[in-house]
4 protein chains.
Amino acid sequence: MTEEIKQGDDVLLYLDERRRYLVKVEDRSFHTHKGYVELRELIGRPYGVSVESNLKVSFIALKPTIYDYIAKLARRTQILYYKDIALIILRLGIGAGSRVVEGGTGSGALASALAFFVKPTGKVYSYEVRSDVLEVARKNLARVGLLDYVELKNKDLTEGIEEKEVDAVVLDLASPWDVVPHAYEALKGGGGLASFSPTINQVEKTVEALRREGFVDIEAVECLLRKLKVEVGATRPHTFMVGHTGYLVFARKSIKS
Amino acid sequence: MTEEIKQGDDVLLYLDERRRYLVKVEDRSFHTHKGYVELRELIGRPYGVSVESNLKVSFIALKPTIYDYIAKLARRTQILYYKDIALIILRLGIGAGSRVVEGGTGSGALASALAFFVKPTGKVYSYEVRSDVLEVARKNLARVGLLDYVELKNKDLTEGIEEKEVDAVVLDLASPWDVVPHAYEALKGGGGLASFSPTINQVEKTVEALRREGFVDIEAVECLLRKLKVEVGATRPHTFMVGHTGYLVFARKSIKS
Amino acid sequence: MTEEIKQGDDVLLYLDERRRYLVKVEDRSFHTHKGYVELRELIGRPYGVSVESNLKVSFIALKPTIYDYIAKLARRTQILYYKDIALIILRLGIGAGSRVVEGGTGSGALASALAFFVKPTGKVYSYEVRSDVLEVARKNLARVGLLDYVELKNKDLTEGIEEKEVDAVVLDLASPWDVVPHAYEALKGGGGLASFSPTINQVEKTVEALRREGFVDIEAVECLLRKLKVEVGATRPHTFMVGHTGYLVFARKSIKS
Amino acid sequence: MTEEIKQGDDVLLYLDERRRYLVKVEDRSFHTHKGYVELRELIGRPYGVSVESNLKVSFIALKPTIYDYIAKLARRTQILYYKDIALIILRLGIGAGSRVVEGGTGSGALASALAFFVKPTGKVYSYEVRSDVLEVARKNLARVGLLDYVELKNKDLTEGIEEKEVDAVVLDLASPWDVVPHAYEALKGGGGLASFSPTINQVEKTVEALRREGFVDIEAVECLLRKLKVEVGATRPHTFMVGHTGYLVFARKSIKS
């Protein structure tokens, strides 16, 4: 009943908040600043188990979640954070069976999250103009085990969307307003759109395009996540925080009469 | 292919951000400050269609999403917001097939969200001490069409959790620290816990209990959502905002050796 | 040595955070929802004393500070908050002896604050195009006892500034960018400018004008003030907060070579 | 009329937001990563003038304000920021002539700011238990030219306050609640108290002590300052921000009857 770690599994070796390593369990040792861990020793042990490095430092072997994968993938692009992805998922109601158009694919972090939530019966159609970028995303999605739920398309979203009657369109690209008319065509009636943009000027242009195109329930928000340093009797927010990743714009398609 | 509105469907009649009504399509008229809408006229029309009240005000008939249901249910309790629920879902990696223990059930808003994401193969076990509250939640979950994925339990979480090897435990109750040892027992190795509390003192006690019990990757955060008023050439955040709903504490179970 | 309340003094009758009344001590009774207070009874009593209404509710008679006056004056315009004024004062280093140009005068809240800090040897030159508005500001400044330190000018700041070699220019008007060249002319070398604007678009235009004109140390910020509800064992931020008043832009004049 | 830079003056050599150097004008060269500046060349030039390093990089020679001095002094202690000091000054109405008790002195940053605003006729009484710390503060205050307005006292605020009928008490120390009874004794009726603390637990204890002692108008707040990166057409908040310095508690003395 307890799930055991197997050869070839991905494992998150957790030491503390900053030192968390995503590794594949193979017949090798994994080196860190706190010594090396013999990965084969994990095989047959339950997830959550503690393993010591040769320097007697304990790491916890956790089963990676979609959160861990996003964190790892997003670290490279450093823009779209899990807080933003979480809002998109819930605000658009993306769940098992949803058909979602997304782009640009980038590292595949957002596509991974979408795929995780639409499985086992839904599909993500992810557009990316750069073929080299798309291949990196393909590898990332394969590693995360979610490639089956994503159709990667080496096409430009600003030139059109091939899918019809999709449940949602999620945009993380420089000129989302150019995609708005295509998104309208692709969405089913009442279907949701989300767009992530770092600058307020992009938000203005996107909202303007959405209003023109006949979207309703248009809302622009920003989300701030603040960590607390909890010490009994001396609790306080952390001194430094991420003050901005980007703004989110949400909207839904109304049918033109 | 286009999804049509049917008799008995739930429809979100959308006028603007504040005036959005969740109604069941029946042979009756629905009255608002902007006139009444004949609901039967919606039958056979596509979602996203516009319908006029007798006062010639247009409402858009949207298909309600889990976001809309949460918004409606949470309005009564006014504490746990969708931003917080979204973070819980993604941070814990709750998806199709997850088995999740939750409590207190309250209005069922959080249970609905969890059920939406664990379907079609997962299950939510929702604990609530007050039987009258539980019956209201049952009706709410039935209306949302998610009751099949939730097992409602008229029991006290602080006295124990009956399930074993669950993927996640989500707490929204006054003394989460009393549930922490039971959560440890119920969770599988590496399984995630999330706790929502309005006060900082509750956060301190919860984190203290988590550390004592052997949880790792403990993180306390707060999430602020700020809306923008977008007018081309005059864009600014809204004057008023919700400055606080509560804090979230996340943790994962490590196996004691 | 203890300061006593005199006939004609302004007194802040304090009940709680929301119920705080600025009244002049005269031979009359002051009516509130918690009964009436005989103001003459305050005469000869020390500031900070408690006085009972006829309904036995206690009010504390405080000596109003510049903060109280600003709060009262700003309540009418509801835009520039004391947090913003405080930043302006300190960021520009406005103190005893400073000569400051300000506009638009509006209710006089900002002018009052500036006057409070430049006294006894400095001066505020406050510009306002609307003469009726200016007269209201004159009354407000007189009541606050700071009119001697303010020269009210019924002129349009966008048409020019008459003063030279001033220490600072503070703008709270719709098109601050139109005033930037005049501010440059009026300021002494290294002198500071502050501009308050509700929208991000105004900030862009102001910063653009400042860069063009040769200002340096240009900085745009926003300030969020969040109140805490402190109950021992149940402390938390307030549910609602002011999420936006406006942005502040600061800059200093560099001499063109 | 134009103020000229003199031998011995403090000058702020400004390159950009991060590179701003507070230097005394002497017969020497000042070395930076962008080359060296011959300081004597500044003598007789107006403030705001541009001066080139030997590498042809332009620095602007600004007259330092109290803001610049605070920024420099606070950099060492890294806790109390200018936003917090600004709120204290305005909230307590500290102006020319105010008599203020303050402690601990620390680097003297807060004492400098208070001195700047109480001059020319007020006084700051600054308490510090560590004599070595006090001597550093003395040098800092002398350099800023504000030592005449500060009486430095090598005493422990928790053991008592020697002054009476003061206008305000400002606390930046580990256990402000121990000073609250002394502050009550020292303040005149209606006089204001401000206390800065990094942790929420300190806020609880301080507020508890203030309520017990008979203070009114008690308010706890936190202030967040967020910088904007203004590029025309691409404006956004900075990615990183200071998420926490500390909380501020304000209160006023009511006379016990």
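Reply: Happy to. Let's begin with a cut-off: a residue is buried if 20 or more other C-beta atoms lie within 10 Å of its own, exposed if 12 or fewer, and partly exposed in between. Please keep in mind that this is a predicted model.

Me: Why is C:Val129 called partly exposed?

Reply: C:Val129 has 17 other C-beta atoms within 10 Å. Buried needs 20 or more and exposed needs 12 or fewer, so C:Val129, with 17, is partly exposed. The residue lies in the loop between strand S8 (123-127) and helix H4 (131-144) of chain C. The C-alpha atoms of C:Val129 and C:Arg143 are separated by 22 Å, and the two residues are 14 apart along the chain.

Me: What makes B:Ala142 count as partly exposed?

Reply: The same test applies. B:Ala142 has 13 C-beta neighbours inside 10 Å, and exposed would need 12 or fewer, so partly exposed is the class for B:Ala142. This alanine sits in helix H4 (residues 131-144) of chain B. Its C-alpha atom and that of B:Ser112 are separated by 9.6 Å, with the residues 30 apart along the chain.

Me: Staying in chain B, what makes strand S2 (20-24) and strand S5 (50-52) edge strands?

Reply: Each of the two pairs on one side only, so S2 and S5 of chain B are the edge strands. The order is S2-S1-S6-S5 (chain B), an open sheet of four strands with antiparallel pairing. On average, neighbouring strands of this sheet are turned by 35 degrees against each other, direction ignored.

Me: How do you know that strand S1 (residues 10-14) of chain B and S2(B) pair?

Reply: Two strands pair if there are at least two bridges between them. S1(B) and S2(B) have five bridges in the antiparallel sense, so they qualify as a pair. One of the positions to look at is B:Leu13, which stands opposite B:Tyr21 in S2(B).

Me: How do you know that S12(A) and strand S12 (residues 215-229) of chain B pair?

Reply: By the bridge count again: there are nine bridges between S12(A) and S12(B), and pairing needs at least two, so the two strands pair, in the antiparallel sense. Within S12(B), B:Leu228 is the bridge partner of A:Ala220.

Me: How many residues does each chain give to the contact of chain A and chain B?

Reply: Chain A gives 62 residues and chain B gives 62 residues. On the side of chain A that touches chain B, S12(A) gives the most, with twelve residues. By class, that side of chain A has 34 nonpolar, eleven polar and 17 charged residues.

Me: And which element gives the most to the side of chain D that touches chain C?

Reply: S12(D) does, with twelve residues. The contact takes 62 residues from chain D and 62 residues from chain C. The side of chain D that touches chain C divides into 34 nonpolar, eleven polar and 17 charged residues. Nine bridges join S12 (residues 215-229) of chain C to S12(D), and the two strands run antiparallel. C:Leu225 stands opposite D:Cys223 in S12(D).

Me: Last one: what scores does the model have?

Reply: The model has ipTM 0.95 and pTM 0.95. For chain A, the mean pLDDT is 94, and 97% of its residues reach 70 or more.

Technical notes: Residues numbered from 1 in each chain as written. Chains lettered and ligands numbered in written order. Predicted model: local features only at pLDDT ≥ 70, side-chain atom pairs only at ≥ 80, totals over all residues. Contact = placed C-beta atoms within 7 Å. Nonpolar A, V, L, I, M, F, W, Y, C, P; charged D, E, K, R; others polar. pLDDT = per-residue confidence, 0-100. Axes fitted to C-alpha atoms, helices over the stretch in contact; angles between N-to-C directions.
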